[in-house]
Amino acid sequence: MTSPPLGLYIHIPFCRQRCDFCAFYLEIYREHRAKTLVRFLMHEIRLSAQQHVIANRPVQSVYFGGGTPTVLATTQLIAILSEVRTHFTLTSDCEITVEAHPSTISSQGLTQLLQAGVTRISFGAESMEDGDLARIGRPGAVSDTVTAVTRARAAGFTNINLDVMYGLPGQSLEGWQRTLAHCLVLEPTHLSCYALTVEQDTKLASNIQRQRSPAPDEGLQIEMDEAAQRILGDAGHQRYEVSNYAKLGYVCRHNLLYWTNGEYLGLGPSAQSYLGGTRFGNVADIAAYETSLAANQLPIEDRIRLSKVEQLRDAVIFGLRLIQGIPTRHFHQHAANYGYAAVTEELLAQQLIEEDGERVRLSARGLLQADTIAGQLY
Ligand code: SF4
C-alpha cells in the first residue's frame, strides 16, 4: 500500500517587530542570526529526510510560515526550497505557500519566488483600516497590502490569500465590513478571517489589564463572523472551515491536512509535526535548536504517541472545524470512547451540531462556538 502524501511546514522564526497581540515563538530579525538559522534549517531538512517514516513519501504541500518568512532574502527562501526538492519528492501539483508581510516583499522578490515554484502567496493584511493596524502595533499600512497584492498579481501569482482579523480594539462592525469590502476589491482567491484572541504575556493583554485597550466583545465578534459569512459568501467565497473562505478550487491544501488528520512534518524552531500516529515538536529556542543540529540530532523536544482512540478524538475535534463535518460513525465512536453521550445529546438538542445520517457538522450557531464545542468533546 502506498503511503498518502504529506505536508511540510517550515517555520521562519523572525519578524521585524512583534505585533501587540502576537504570542508566536519568534525573535526580532537580525541578518547574522537569520543566516546561521538558515544553515541549520538546511541541515534539519537533510537529517529529517533520512527518517524511515518519511523516506520516499510524496509531498503534496510545502508551507513557509512564521514569523515572517519574507524577512529572509528571497535567495535564502529559494535555497531552502531547493534543499527541500533535493531531499523530498514533491508531487507535480505540489502547493507551495509563502506567508508574507505586505511591506517585506518587492516585485522582483515575488517574481523570483514564482519562478522558483511557489504557487501561493499569503499576505498578513490583518485590517484594511490604518487606525486598526496602529491600535494593534502592527507595522505597515493598508497601502502596503494594496501594493503587495497588485505586485503579486503582476508577477503572475493567481492564488493569493489575505489574512484578516476581527474584534480588534476600537474596530466597529462597519469598520470590519469596510475591511472585507476593500479586501474583495483586491480579488484574493482565499481569505482567512480570525477572531482576535488575547494571549497571555502579550502587550495587548497588558494593555487590556491596564485599561489602555478594550477587551474583545464576544457579542460583536459573533456579529462580525456572521457579516464575514454573508459578505464573502455573496462574493463567491465559500466558507470551508471555521475561519477560512475560498473561491472554488482554491482551498488551502496544506491547512486541509490539519483538519483531515493528514500527516505533516514541521521544520524550524517550534515547528510541530504529526507522523505515524505521533505528535512531536521542535524546541522553541533558536540556540537550543542549533546546538542540537550541530550534534547531528533532530531538535525534537516533545513526542506523544497517540492511541487509536486519541487519533480518532483528534480527527473528530479538528474535522468538526470543516463545514463539511465528519462521518457520523466517527463522531459516535468518539462519543462512545469518551462517554460523551450526554454531551452529544445536549449539542444536538441545542442545535449546535447537525446530523444527517452520513455526516455530523457544526450548525451555523455551532460555528460561532467552535472552540467551546471542541473543548466539550475533547
Ligand atoms: S508579523 Fe505575524 S508572526 Fe510576526 S509578530 Fe506580527 S503577528 Fe506575530
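**A walk through a predicted model**

Residues are numbered from 1 along each chain as its sequence is written, and side-chain values use heavy atoms, with hydrogens and water left out.

Back to Leu 196, then. You will find Leu 196 in the loop between strand S8 (190–195) and helix H7 (203–209); helices (H or I, at least four residues) and strands (E, at least two) are DSSP runs, numbered from the N terminus. Which residues does Leu 196 touch, not counting residues up to four places away in sequence? They are Phe 21, Met 165, Tyr 166, Gly 167, Leu 168, Pro 169, Leu 204, Pro 216 and Gln 221, with contact meaning heavy atoms within 4.5 Å. Pro 169 sits 27 residues from Leu 196 in sequence, and their C-alpha atoms are 9.1 Å apart in space.

Phe 21 also turns up around the ligand, together with Cys 15, Gln 17, Arg 18, Cys 19, Cys 22, Phe 24, Leu 26, Gly 67, Thr 68 and Arg 138. Here a residue is near a molecule or strand if one of its heavy atoms lies within 4 Å of it. The shell divides into 6 nonpolar, 3 polar and 2 charged residues.

Gly 67 lies in the loop between S4 and H2, and a cis peptide bond joins Gly 66 to Gly 67, with omega about 25 degrees. Most residues other than glycine have a negative phi, and most peptide bonds are trans. Asn 261 has a positive phi of about 65 degrees although it is not a glycine, and Asn 261 is partly exposed at 26% relative accessibility. Asn 296 has a positive phi too, near 60 degrees, and is found in the loop between H10 and strand S14 (300–305).

Now let's go inside. The largest nonpolar core has 73 residues, and Val 62, Ile 80, Phe 88, Ile 121 and Phe 123 have the most contacts inside it. A nonpolar core is a set of buried Ala, Val, Leu, Ile, Met, Phe, Trp, Tyr and Cys residues joined through side-chain atoms within 4.5 Å. Which helix gives this core its largest share? That is helix H1 (residues 31–49), with 9 residues. A second, separate core has 18 residues, including Val 242, Val 360, Leu 367 and Leu 377.

The buried residues of H1 pack against S1, S2, H2, strand S11 (264–267), strand S13 (278–282) and helix H10 (286–294).

Helix H2 (residues 74–87) has 14 residues and reaches 20 Å, close to the 20 Å expected. Its buried residues include Leu 77, Ile 80 and Val 84.

Finally, the rings. Phe, Tyr and Trp rings (for Trp, the six-membered one) pair if their centres lie within 6.5 Å; planes under 30 degrees apart count as stacked, over 60 as edge-to-face and the rest as tilted. The count comes to 7 aromatic pairs. Tyr 9 and Tyr 63 are stacked, at 6.1 Å centre to centre and 25 degrees between the planes. Tyr 9 is in strand S1 and Tyr 63 in strand S4, 54 residues apart. Tyr 63 is buried at 7% relative accessibility. Phe 14 and Tyr 29 are edge-to-face because their planes stand at 85 degrees, with centres 6.2 Å apart. Both Phe 14 and Tyr 29 are buried.

Methods
This is a predicted model: local features need pLDDT of at least 70, side-chain atom pairs count only at pLDDT 80 or more; totals for chains, interfaces and linings use all residues. Ala, Val, Leu, Ile, Met, Phe, Trp, Tyr, Cys and Pro count as nonpolar, Asp, Glu, Lys and Arg as charged, and the others, Gly among them, as polar. Buried means under 20% relative accessible area, exposed over 50%, partly exposed in between (1.4 Å probe, protein chains only). The expected span of a helix is 1.5 Å times one less than its number of residues.
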